[in-house]
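Subject: Structure handover

Dear colleague,

Here is the structure I said I would pass on. Please look it over before reading the notes that follow.

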Amino acid sequence: IYLQKHGYVPLFIPIAYEGSEKYIDNSFLKGKVPGIFLDDLVKIDTLTPEMIKGVIKKCCFTVGMSYHFSVFSLSTGVPSAAIYLDDYYKIKNLGLYKAFGNPELVFKVPEISSEQLIDRVMKTLKD
C-alpha cells in the first residue's frame, strides 16, 4: 500500500520453479498484499531464465530475497535491493552489491520496515 502511494504497483516475479515439489515462491502473498503476480499473467513453468530476465529488464527497480534474483536484476542493469534473513545471504549479497550494485541497498528483514525500505528505494530512484 505504501509503495502504491508513491505511484508504483509491485510485480511479483518468481524465479524458482520446477523440481519434485511445487514451489510457491511469492504466491502466498496473493490476497494479502496489492500487486500483480506474474503467474497470473503467464504459465510460469514455460518460461526460461532468459524470459524471466526479460521481464525483470522492464522493471524500474527490483527488490528480491533470492540471491539469483539479484544477479538477474543487476546483470540487466536494473537497480535492485536485496533483503535477507540469514547472515549467509548477507555475505553473498554484500559481495554481489559491492561489485555490481549499491551495498547500501542490502537489508536484513525484519530489521528494516517496508516503509523504510521503500523510502530508501525512492531516494535511489531520485538520485
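**The sheet**

An open sheet is formed by three strands in the order S3-S4-S5, with parallel pairing. Strand S3 (62-64) and strand S5 (106-108) stand at the edges with a single partner strand each, so one side of each has no neighbour in the sheet. On average, neighbouring strands of this sheet are turned by 20° against each other, direction ignored; the axes behind this angle are lines fitted to C-alpha atoms, for helices over the stretch in contact, and angles run from 0 to 180 degrees between N-to-C directions. Strand S4 (residues 80-84) pairs with S5 in the parallel sense over three bridges, and Ile-83 has Phe-107 in S5 as its bridge partner. Helices (H or I, at least four residues) and strands (E, at least two) are DSSP runs numbered from the N terminus, and two strands pair if DSSP finds at least two bridges between them.

This is a predicted model, in which local features need pLDDT of at least 70 and side-chain atom pairs count only at pLDDT 80 or more, while totals for chains, interfaces and linings use all residues. Residues are numbered from 1 along each chain as its sequence is written, and side-chain values use heavy atoms, with hydrogens and water left out.

**Ser-80**

Ser-80 is found in strand S4. Ser-80 counts as buried at 2% relative accessibility (buried is under 20% relative accessible area, exposed over 50%, partly exposed in between, with a 1.4 Å probe and protein chains only). Its side chain makes a polar contact with the side chain of Thr-62 at 2.9 Å (N or O atoms within 3.5 Å; within protein, one must be able to donate a hydrogen and the other to accept it, and residues adjacent in sequence count only if both atoms are side-chain atoms). Leaving out residues up to four places away in sequence, Ser-80 touches Phe-61, Thr-62, Ser-70, Ser-73, Leu-74, Tyr-97 and Leu-105 (heavy atoms within 4.5 Å).

**Cysteines**

There are zero disulfides, a disulfide being a pair of cysteine sulfur atoms within 2.5 Å. The closest cysteine sulfur to that of Cys-59 is in Cys-60, 7.2 Å away, which is too far for a bond. Cys-60 is partly exposed, with a relative accessible area of 42%.

Regards
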